[in-house]
Each structure stands twice: as C-alpha cells, then as structure tokens.
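Trainee: Pick one part of this model and take me through it closely, please. Then show me what else deserves a look.

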Amino acid sequence: MSRTPVPAAKTRPLRIAGTAWNLTPLFERDDDPRMERKRRIVERKSYEFINAWRDRSDYLEDPAILRQALDQYELWKRLYGSDGDEGYYFWLRTQQDQNDPKLKARFNKIEEFSKKIENDIQFFHLRIARIKPEAQRNFLEYGGLAKYRHFLERIFAESRFHLSEPEEKILNLKSATSYANWTKMTSGFLSKEERTVVTEEGVKKARPFSEIVGLMNSKNKRTRDSAVGAFNNVLEKHVETAEAELNSVLQNKKIDDELRNTPRPDTLRHLADDIESGVVDTLVDSVAARFDIPARYYALKARLLKVPRLAYHERNAEYGVVAKRYPYPQAANLVYTVMNKLDSQFGAIFAGFSNNGQIDALPKKGKDSGAFCIHHLMTQPTYILLNHSGKLHDVLTIAHELGHGINNELIREKQHALDFGTPTSTAEVASTFMEDFVLDEILHTADDELRLAIMMQKLNDDVSSIFRQVACYRFEQELHGSFRAKGYLSKEEIGKLFQKHMAAYMGKAVLQSPGSENWWVYWSHIRYFFYVYSYASGLLISKSLQNSVKQDPAFIVKVKEFLSAGLSDSPMNIFAKLGIDITDKQFWDRGLDEIEKLLNDTEALAKKLGKIKK
Ligand SMILES: [Zn+2]
C-alpha cells in the first residue's frame with residue numbers, strides 16, 4: 001500500500017453544482033410533448049433497418065455487403081436502439097422514485113414497445129451466427145470489416161457450440177423444468193423459513209431467513225451465535241431437497257455440455273465473458289498458490305479478537321470501529337483530488353459529471369437504496385446514483401461508481417457503438433482501481449487505531465472477493481468433475497468437497513464448524529456455474545495495474561489505453577498490445593503482492609499498537 005501523499009493544495013476544489021440528476025438532455029419532464037414524436041422516430045429508424053435487410057441474404061456471403069449492413073446497424077445502436085431516450089429516461093425516473101406506479105406504468109409501456117422491435121431485429125444477429133465455419137474466416141480477414149472484427153469473433157465463437165434451430169428451441173422450452181424450477185424451489189423453501197433468534201437489541205424474536213443471514217455478521221456475539229444456530233437448522237431441514245436439486249442441476253449441465261460438445265464445464269462461461277480458458281486457469285492457479293495470505297489474515301483476526309480460532313460464520317466479524325464521517329462535499333473533493341493526481345482527464349470527467357447533474361448523491365424517500373453507474377446508448381449521458389450518508393464506505397462507493405463512469409467516457413471516446421461496453425471478466429477493474437487509490441489517501445491521513453480498523457476491513461473485502469471466490473471456483477470444478485465421474489453425489493459427499501475447498505483458503509485459524517458442511521445449500525452462485533472467478537479477475541487485474549502505477553506514475557497511460565478498449569478485443573489481446581501478458585503467472589502475482597503487502601503492514605501496525613504480541 002503506497003503512502004505517497006496527494007498534494008491537495010494544487011487542485012482547485014470541485015464545484016458541486018447540485019446533487020440531483022439533470023435528465024433534460026433526455027426530456028424536460030414526464031409529460032414532455034417531444035416524447036411521442038421521438039418514439040415514432042425510433043420506430044421508423046428501426047423498421048428502416050429491419051425492412052432493408054430482413055429478406056436479403058447477400059450480406060451473409062459478401063463481406064463488403066456485411067460491412068454496409070453493420071454500419072447501418074451500428075448507427076441504429078448509436079442513435080436509437082429499440083427504446084431511444086424514452087426507455088432510458090423512465091428507467092432512471094423509476095430509480096429516483098420507486099413508489100410511483102405511474103412511472104412504472106410508463107416504463108412498462110416503453111418496454112413493451114422496445115420488446116417488439118428487439119424481436120423483429122434479432123434475425124440479424126442470429127443469421128450472422130449461422131455463417132458456416134468455413135466461410136467465417138473470409139469475413140474475419142476482410143480488411144473492410146476490421147472495425148467489426150471482434151464483434152464478429154464474439155458471435156462466431158459462441159455459435160460454434162450452438163445446436164440446430166429446432167434443438168435450441170427444445171432446450172430453451174425445457175430449461176424451466178430441467179433447471180430454473182429446481183433452483184427456485186430450493187431458494188423458495190429457504191426464504192419462507194422463520195426462526196426465533198436473539199436480535200441486536202438482545203431480545204428473542206422470530207425473524208425471517210433473509211434477516212437471519214445478515215445477523216450472522218453482527219458485532220454482538222450472542223446475536224451472531226443464535227443466528228448461525230437458526231441458519232444451520234434451516235439448512236439441515238432442506239439439505240435432502242437440495243441434494244436432489246443440485247444433482248439435477250449438475251446432470252442437466254452435463255447433458256447440455258455433451259450435446260454442445262464443449263471441452264470443459266466452464267467453456268461456455270469463458271466464451272460469454274470473452275476470456276480465454278488459459279487466462280482463467282492461470283488466475284485460479286496463481287491465487288490458489290497464495291492461499292497462505294488469507295490463512296495469515298484469519299490468524300491475525302483471531303488474535304485481534306482474542307479467540308484461539310474463529311468459528312466458520314465469524315470469519316467476517318468486524319474488528320474495530322470506523323466512526324469518522326465524511327459529508328458529501330468533503331468526500332467528493334477527496335475523491336476528486338485523488339483522481340486528478342492520477343490523471344487530469346479523470347478529474348475533468350468527475351468535474352463534468354458533477355457540473356452537468358449526472359450524479360444523484362443523497363438518500364431520498366422512494367429512491368433506489370443502492371449505488372450504480374449506468375449508461376445506455378452511446379449518445380446519451382452516463383448517470384451515477386449514490387446514497388451518500390457520510391460513512392467511510394460511502395466515500396469508497398463514490399470512487400467505485402466514478403471508476404465505472406470514467407471507464408464509460410474513455411470507451412465512448414475511442415470505440416463504436418457495437419464495442420461500447422466491458423466484458424464481465426474486466427468490468428470491475430476501473431471501479432476497484434479508483435477505490436483502492438482513494439483508500440490509500442484516506443489511510444494516509446488516518447490515525448493508527450483507525451488505520452488498523454480500515455486495513456482489517458479492506459483485507460476482509462479482498463479475501464472475500466479474491467481468495468474465497470477462487471476457492472468456490474475450484475469447488476465448482478471438482479463438483480462437476482466428481483458428478484460426471486460418479487453419476488450422483490450424496491449430501492455428505494457434497495459437504496465434504498465444500499469443506500475441503502473452504503478449509504484450503506481459510507487455513508487453521510477458522511474452524512469448519514459443525515453445520516457449515518451444509519452451506520452450499522444456500523450458495524446461489526454455484527447454480528450459475530463458474531461465474532465467481534470474475535470477482536477475482538477484475539480485482540486482481542486492478543491491483544496488478546495499481547502496482548505498476550505506484551512504481552511508475554507514467555504507466556497510467558497504459559491503464560487508460562486498456563480502459564478505453566471496451567469490447568474491441570478480448571482482455572488478453574488488449575493487454576498483449578500494451579506489452580502485458582496476462583497468461584503469465586507474474587502478472588497475477590503482482591496483484592497478489594499488493595494484498596500481501598497490505599497484510600504485512602497490518603500485522604506490523606497491530607504489533608506497534610501492542611494489539612498482538614511479536
Ligand atoms: Zn461495480
């Protein structure tokens with residue numbers, strides 16, 4: 001963790017023109033008379049494209065004609081899409097006021113309008129996907145299509161595993177009964193449960209399952225112990241059902257993979273995320289080789305909390321109190337100063353968002369309670385929603401969402417509308433990059449007690465997002481592998497596998513407490529297959545880049561190149577063009593070194609403060 005001071009005096013303070021969205025670039029108000037007219041234009045432009053290409057097939061044979069079609073398609077996506085300004089406007093309005101049924105109704109109506117256009121225009125994508133593999137190379141090598149090369153590569157890569165149209169239709173029709181209904185059943189049974197627990201206020205009360213999950217992280221030991229008792233009791237009750245469910249889910253996946261002839265259970269996930277399997281393998285192996293880091297972290301936490309070992313559910317128990325408050329103008333200025341220091345364009349983008357009413361910063365009645373950064377058409381402004389209440393976490397949230405916003409603006413500058421976006425595997429690079437630099441600045445000015453509390457929380461987040469997710473990924477790999485070898489897995493076998501992989505990253509300081517062998521019953525991510533690596537990939541790429549920037553501030557130029565690449569190529573190729581090889585273990589190790597350094601600093605600080613013995 002860098003301790004380079006940020007010279008706050010050099011940057012002019014951020015002007016905060018307002019803390020609410022200005023939606024007038026879209027519409028003046030909910031009954032803006034231009035709405036109807038603009039909707040007709042979207043319709044006309046969409047059907048101009050549909051009618052021009054629906055009955056033609058020459059663009060599937062002649063690359064020069066496909067170029068014409070893609071140019072028109074790109075322009076449509078850039079300016080109109082299927083819902084124009086109206087869809088974006090009313091979606092944003094429903095986030096500002098979730099309780100107004102009139103807004104919901106307006107949004108639903110434009111959704112319906114847009115669904116019809118989407119159904120009518122999807123032929124274009126589907127037919128490109130059906131271009132025969134022998135002919136695909138002609139298209140990819142044609143110079144005139146260079147601009148759309150990766151767009152086509154993405155479509156072709158997935159289409160390799162497509163079945164015939166009628167087969168796809170059958171799989172699609174049967175997917176609810178063979179997959180979704182099963183997983184819904186288990187989560188439905190759990191969510192209906194209720195148990196009596198000791199609340200934060202110290203009284204016994206019946207609480208719903210969803211609340212019991214949260215109470216397991218309570219600072220109050222009696223509350224969290226009673227919550228985990230209730231939680232384990234619920235899982236125990238449904239573990240037989242979950243065994244049947246998970247075996248069906250695993251079998252259904254096996255059948256799909258065999259029909260599609262995929263080489264590995266995780267192939268389709270990697271394709272969808274535009275990441276090579278080799279890159280994910282290197283990431284997973286690199287992280288697993290450093291499982292000593294989380295083990296050391298939990299050992300430190302146990303010592304700080306003065307217990308010999310942590311119970312399984314106590315691994316997230318908080319250490320220390322972070323009481324300092326940051327009002328919005330102060331928090332925004334802190335983030336702004338850090339951005340500006342990293343790169344003046346980052347600061348300028350933040351100032352622009354702030355001046356143009358693109359940030360809705362404060363909590364309001366009816367407003368969505370989370371935080372997000374959203375973009376829609378390339379020609380429409382980015383909007384950020386926050387609920388700033390002044391906690392440290394809220395400051396990091398500004399940095400996080402602003403990271404997404406900066407990412408959007410950089411892509412907008414360099415790419416066309418079909419490459420405007422980020423693949424899942426790297427979607428969180430910019431956000432966590434900004435977050436960590438802001439945290440560095442906060443740590444720089446905090447006193448030692450506060451620093452220790454913040455550093456422990458930060459390590460907890462990093463351990464959960466990187467090491468725990470990679471352990472889960474390896475659990476999934478072994479789960480699918482064992483199922484395919486044995487044909488059925490009992491709840492005991494699943495529980496054993498689960499505990500093996502959890503113990504592997506938690507180390508000896510965390511007990512695999514009785515009852516925790518059933519926690520897979522509740523883990524919904526494993527039902528979506530191999531998705532969890534993306535938490536680790538985004539964060540570690542971000543940390544590896546941070547490491548390089550700390551050693552050489554000029555490296556930020558490469559970071560910006562990467563962030564502006566959007567969907568124009570796979571992350572591996574984008575990095576390769578910048579001279580960085582992400583199939584090399586060293587790249588991932590640079591990110592892991594950052595976490596180890598934070599852990600070393602935290603241990604040293606705990607010793608300095610006399611919280612633990614040498
Ligand atoms: Zn994010």
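Mentor: Let's start with helix α6, residues 133-141, where Q136, F139 and L140 are buried. Buried here means under 20% relative accessible area, exposed is over 50%, and partly exposed is in between, with a 1.4 Å probe and protein chains only. Helices are DSSP runs of H or I of at least four residues, numbered from the N terminus. Look down the axis of α6 and the buried residues fall within an arc of 95°, so they line one face of the helix; the arc is taken from the directions from the helix axis to the C-beta atoms. Turned away from that side are the exposed residues E134, R137, N138 and E141. The cover over the buried residues includes α2 (63-79) and α7 (149-159), with contact meaning heavy atoms within 4.5 Å.

Now for some bookkeeping: this is a predicted model, so local features need pLDDT of at least 70 and side-chain atom pairs count only at 80 or more, while totals for chains, interfaces and linings use all residues. Numbering runs from 1 along each chain as its sequence is written, and side-chain values use heavy atoms, with hydrogens and water left out.

Back to N138: its C-alpha is 8.9 Å from that of D62, though the two are 76 residues apart in sequence. D62 sits in the loop between α1 (34-53) and α2, and at 31% relative accessibility D62 counts as partly exposed.

H501 counts as buried because its relative accessibility is 7%. Setting aside neighbours within four places in sequence, H501 touches A471, R474, F475 and E478.

As for confidence, pLDDT (the predictor's confidence in each residue, from 0 to 100) averages 94 over the protein chain, and 98% of the residues score at least 70. Over residues 1-9 the pLDDT is below 50, and that stretch has 21 contacts in the model beyond near neighbours in sequence.

A cavity is a set of points on a 1 Å grid over the protein atoms alone where a 1.4 Å probe fits but cannot get out, and lining residues have an atom within 4 Å of a point. The whole structure has 2 cavities of 30 Å³ or more. The largest is lined by 13 residues, with T422, P423, T426, F562 and G566 nearest its centre. Elements giving two or more residues to that lining are α16 (392-414), α17 (429-445), α21 (556-563) and α22 (571-577).

Methods. 1 Å grid on protein atoms, 1.4 Å probe; cavity = no way out; pocket = protein on both sides within 12 Å on 5 of 7 lines; lining within 4 Å. Points joined across faces, edges and corners; volume = space filled by probe spheres on them.
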